[in-house]
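Thanks for passing this one along. Here are my notes, point by point, to read with the structure open beside you.

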Amino acid sequence: MEEYLIFKFTKCLYASFHIPSESLLEHKFIYFEKEKFRHKGDISILRRPLNDCTENVDVLIEESKSKWYLPLKAVNISTDYIHLFFNKDVVFRKTLQGVQNKNKSYGFYKTNKKIVLQKDTGVKNALTQLRIDKALELTTKLVQKLGYELRTEDSEVCLKFYLTNRSEVPAGYKRIFVMGVEDGKKKCELTTEKYFSLKSSEVNSMSNGMDSASSSEHLVDTSVKFNLFHASVASSSRLSASGEISHNTKDAIFVVYNYVRLKTILNTYHSKVEQNIYPPLPSIELTEFSLLSKDEEWGILLDHILRFPQLVAEFSDKLEKEGKVHLHGFFIMLVVFSNQISRYYRRVRILTEAKPHLVQVMFARLHLISACVTIYEVMFECLAIRPPSSM
């Protein structure tokens with residue numbers, strides 16, 4: 001976990017500001033500012049009694065350049081907070097290089113622990129059973145990617161979890177409580193077949209022009225997952241009113257559409273390189289990221305790419321310490337991430353004319369959206385989402 005920039009940087013903040021903490025996931029004094037408040041700082045720290053070094057802005061900036069992994073450009077100290085502004089060029093370069101180096105493993109690390117995951121197979125309600133089954137499937141994929149060793153039964157294993165909607169669990173297991181699906185205010189009594197038929201109708205009404213029947217089938221499966229896990233498994237999932245397309249189905253299609261859109265941009269660029277219309281993409285080391293001046297670009301990097309390893313670590317931490325599977329965190333991130341990306345490519349033309357003064361910023365943007373595609377593909381792999389090749 002500590003190999004990622006976000007954790008190295010956080011550890012430096014704890015040390016420099018003498019912030020007490022038992023875990024790199026505790027942020028009682030550190031706030032990553034939201035987009036509309038980012039004029040105050042990229043990160044704000046609740047003021048505590050500071051030593052002479054941290055009261056001196058110039059010394060603090062110099063210390064960040066030599067020790068913090070992610071250097072600062074400016075610091076503002078107010079009555080209650082210390083506001084930090086990153087050196088964006090360096091943060092873009094280091095973060096995108098980290099994504100490129102780790103590729104489909106970005107955000108994950110090896111825990112090297114043994115774990116047993118079991119589920120209740122005797123639930124009477126069909127959709128509750130479906131939610132338990134899918135929760136086990138996705139949790140299994142995530143723990144495998146995190147390097148847990150899956151065991152069927154082992155008395156020596158301390159991490160043993162049982163997914164159920166009942167209070168009773170086998171001896172030695174921690175319960176992961178999974179609620180069912182509600183239709184309005186009552187438990188939904190649809191059969192699994194009727195539920196999938198409902199989702200299929202929703203998807204088909206929104207996704208005309210799928211390149212194959214299998215693509216449509218995969219979208220239905222994606223829509224089901226977004227419906228079942230848009231909220232914590234400890235609370236009920238809800239169906240939309242009859243005749244309405246659920247917002248979860250809209251979210252599912254919106255997410256995969258944005259992924260396909262980015263892939264199309266990259267494929268178009270590479271095709272034009274082969275046609276000698278565009279020059280080849282330079283390495284990250286030779287790319288000028290100071291040209292990325294749009295708020296959306298910085299938001300995509302700071303809010304999502306840089307901090308994605310935190311989401312992964314929090315999933316593992318919640319599972320081990322509290323017996324909770326925060327699958328909804330990944331689905332929520334996919335929607336918020338896609339909203340930010342959608343705003344970005346609507347406002348910014350990524351593929352420009354092949355003129356010397358334009359291609360440099362295009363190169364920086366292409367590296368950014370390449371990292372976005374990697375983030376999508378990492379999450380799709382973990383959540384068993386199979387996006388269509390075109391939409």
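1. D133 and K119 join their side chains in a salt bridge, with 2.9 Å from N to O; the term stands for a side-chain nitrogen of Lys or Arg within 4 Å of a carboxyl oxygen of Asp or Glu. D133 belongs to helix α5 (residues 126-145) and K119 to strand β5, so the pair links distant parts of the chain, 14 residues apart. Helices (H or I, at least four residues) and strands (E, at least two) are DSSP runs, numbered from the N terminus. D133 is partly exposed at a relative accessible area of 26%, and K119 is partly exposed at 27%. Buried here means under 20% relative accessible area, exposed over 50%, and partly exposed in between, with a 1.4 Å probe and protein chains only.

2. A word on the source: this is a predicted model, in which local features need pLDDT of at least 70 and side-chain atom pairs count only at pLDDT 80 or more, while totals for chains, interfaces and linings use all residues. Residues are numbered from 1 along each chain as its sequence is written, and side-chain values use heavy atoms, leaving out hydrogens and water.

3. Two strands count as paired if DSSP finds at least two bridges between them. Strand β7 (residues 159-164) runs parallel to β5, joined to it by 5 bridges, and K160 in β7 is the bridge partner of V116.

4. Please also look at α5 against helix α12 (residues 356-382): the two pack at an angle of about 125 degrees, with axes 8 Å apart. That makes α5 oblique to α12, given that angles under 35 degrees count as roughly parallel, over 145 as roughly antiparallel, 65 to 115 as roughly perpendicular and the rest as oblique. On the α5 side, L138, K141, L142 and K145 meet V378, E381 and C382 in α12. UniProt, in an unreviewed entry, places the feature "domain: DALR anticodon binding" at residues 255-391; its positions are given in the numbering used here, feature names are shortened, and annotations may be inferred rather than shown by experiment. That span is 68% helix and 0% strand, and its end C-alpha atoms lie 12 Å apart.

5. Back to charges. The structure holds 23 salt bridges, and K134, E137, D221 and K225 are linked in a network of them. D303 and R38 form another, their closest N and O atoms being 2.5 Å apart. This pair connects helix α9 (residues 295-305), where D303 sits, with R38 in the loop between β1 (30-32) and β2 (43-46), 265 residues apart. D303 is partly exposed at 23%, whereas R38 is buried at 10%.

6. E320 and K113 also meet in a salt bridge, at 2.8 Å from N to O. E320 lies in helix α10 (residues 308-322) and K113 in the loop between α4 (88-102) and β5 (114-119), 207 residues apart. Buried or partly exposed, E320 and K113? E320 counts as buried at 18% relative accessibility, and K113 as partly exposed at 36%.

7. A further open sheet has 4 strands in the order β1-β2-β4-β3, with antiparallel pairing. β1 and β3 (72-77) each have a single partner strand, so one side of each is left without a neighbour in the sheet. The twist averages 20 degrees from one strand to the next. β3 pairs with strand β4 (residues 81-86) over 5 bridges in the antiparallel sense, and V75 stands opposite L84 in β4. Helix α3 (residues 57-67) packs on this sheet, touching β3 and β4, with its direction at about 145 degrees to that of β3.

8. Finally, P71 is worth a look in the loop between α3 and β3. P71 counts as buried at 9% relative accessibility. Leaving aside residues up to four places away in sequence, P71 touches S64, K65, F86, N87 and V90. P71 and V91 are 20 residues apart in sequence and 7.7 Å apart in space, C-alpha to C-alpha.

Definitions and conventions:
Axes fitted to C-alpha atoms, helices over the stretch in contact; angles between N-to-C directions. Contact = heavy atoms within 4.5 Å.
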